[in-house]
Amino acid sequence: MAQQAYMTETDNGDSGPERPGSRLRRLGHRLFDGWRGDPGIWRRGIVLAVLGLLLALVMLVHSRIPNRLGNLGSLTETFLPWVGVAIPVLLVLAVVRRSATALIALLLPAIVWLNLFGGLLTDKSGGSGGDLMVATHNVNADNPDPAATAADVAGSGAQVLALEELPASALPVYEKALAPTYKYHAVVGTVGLWSKYPMTDVQAVDIKLGWQRAMRATVATPEGSVAVYVAHMPSVRVKVEAGFTARQRDKSADALGEAIADEPLKRVVLLGDLNGTMNDRSLNAVTSQLRSTQGAAGSGFGFSWPASFPMARIDQIMVKGVEPESSWTLPRTGSDHLPVAARVKM
């Protein structure tokens, strides 16, 4: 009797074990049998169809959303990949509503999203190759355990390491913890660069803040010299009365872009917290000159902030004159950002 509960009659009249595929087919038939001959499937779900088309429109014309009103365009571009989360939600609602119109309309935002971000879903990394490993980490001025954070990032294996948001009170802790791994280091304002290779031409980079949050150094690797920039762009805020406030960040990004454009060395690596994603048009002065290692050779979106639930990659490793081999996020430390790392071929 117990065995009969798992038996079903086959097409030729025999009995045999029920296959999982048969169950799925029966479930599909039950789900869509009620749709046949129902003229309402084309009239229902108009609102869902309109919402789907609006999603597609936002993704298609995101670069034309104006920034005049609370920097709405930059805010949209910062979290643009998350627009896709609404697509499966609308899809479920369309099935529940039994709306063919909505289902067909939702094909458009799905295609647009895949065209924009589908490439980030694949693993483009070249493994552990590359001549140089670099890493960057906004360590957070309020980090409760700077020594542990320093040990974590030093243990990543990076030959060149950039740290941002270094408070003067904790700087000696970072210097002491990183000294056994990195023979050379320099600190300018609240950003620092640690290297296993000699560094020369260390200088501050003026990003129009009035205080120092960017620097540049020449690192002499065994494969040749590379100009390494470290930058911490001003923070952005989302305010009810002012929207996405990023004017100072945008001004600093333009100044950093000018410095990189004037760089005499052909090999350039930019490490830092840019407080913006590669989609953010306000960073064009920088992103138009450099390649994102995550976009070129990463696996997934590489979101780095906030560390508790990463939603955006605002911590960037960008290069020109060298070839990205792989890019990834490192395990969480005591900071509210995740460290990010990359390997490049000189």
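**Exercise 1.** Determine whether Val 50 is buried, partly exposed or exposed, and name the helix that holds Val 50.

*Solution.* Step 1: Val 50 has a relative accessible area of 42%. Step 2: buried means under 20%, exposed over 50%, and partly exposed in between (1.4 Å probe, protein chains only). Val 50 is therefore partly exposed. Step 3: Val 50 sits in helix α2, residues 46-60; helices are DSSP runs of H or I with at least four residues, strands are runs of E with at least two, and numbering starts at the N terminus.

The model is predicted: local features need pLDDT of at least 70, side-chain atom pairs count only at pLDDT 80 or more, and totals for chains, interfaces and linings use all residues. Residues are numbered from 1 along each chain as its sequence is written, and side-chain values use heavy atoms, with hydrogens and water left out.

**Exercise 2.** Find which residues form a nonpolar patch on the surface together with Val 50.

*Solution.* Step 1: the members besides Val 50 are Ile 46, Val 47, Leu 51, Leu 54, Leu 57, Leu 60 and Val 61. Step 2: together the patch has about 690 Å² of accessible area.

**Exercise 3.** State how many aromatic pairs there are, and classify the pair of Trp 82 and Phe 309.

*Solution.* Step 1: rings of Phe, Tyr and Trp (its six-membered ring) pair if their centres lie within 6.5 Å; planes under 30 degrees apart are stacked, over 60 edge-to-face, the rest tilted. Step 2: the count is six aromatic pairs. Step 3: Trp 82 and Phe 309 are 6.2 Å apart centre to centre with 40° between the planes, a tilted pair. Step 4: Trp 82 lies in the loop between α3 (72-78) and α4 (86-97), and Phe 309 in the loop between α11 (293-297) and β14 (315-320), 227 residues apart. Step 5: Trp 82 is partly exposed at 29% relative accessible area. Step 6: Phe 301 and Phe 303 are stacked, with 5.1 Å between centres and 20° between planes. Phe 303 is buried, at 19%. Step 7: ring pairs link Trp 82, Trp 113, Phe 117, Phe 301, Phe 303 and Phe 309 into a cluster.

**Exercise 4.** Describe the cover and the partners of strand β12.

*Solution.* Step 1: six of the six residues of β12 (268-273) are buried. Step 2: Val 268, Leu 270 and Gly 272 point one way, Val 269, Leu 271 and Asp 273 the other. Step 3: strands pair if DSSP finds at least two bridges between them. Six bridges join β12 to β9 (residues 224-232) in parallel, with Leu 271 as the bridge partner of Val 230. Step 4: β14 pairs with β12 in the antiparallel sense over six bridges, and Lys 320 is the bridge partner of Val 268.

Definitions and conventions:
Patches are made of residues with over 30% relative accessible area and no salt bridge: like charges are joined within 9 Å, nonpolar side chains (Val, Leu, Ile, Met, Phe, Trp, Tyr) within 5 Å. Accessible areas come from the Shrake-Rupley method with a 1.4 Å probe; for residues, only the protein chains shown count as cover. A salt bridge is a side-chain nitrogen of Lys or Arg within 4 Å of a carboxyl oxygen of Asp or Glu.
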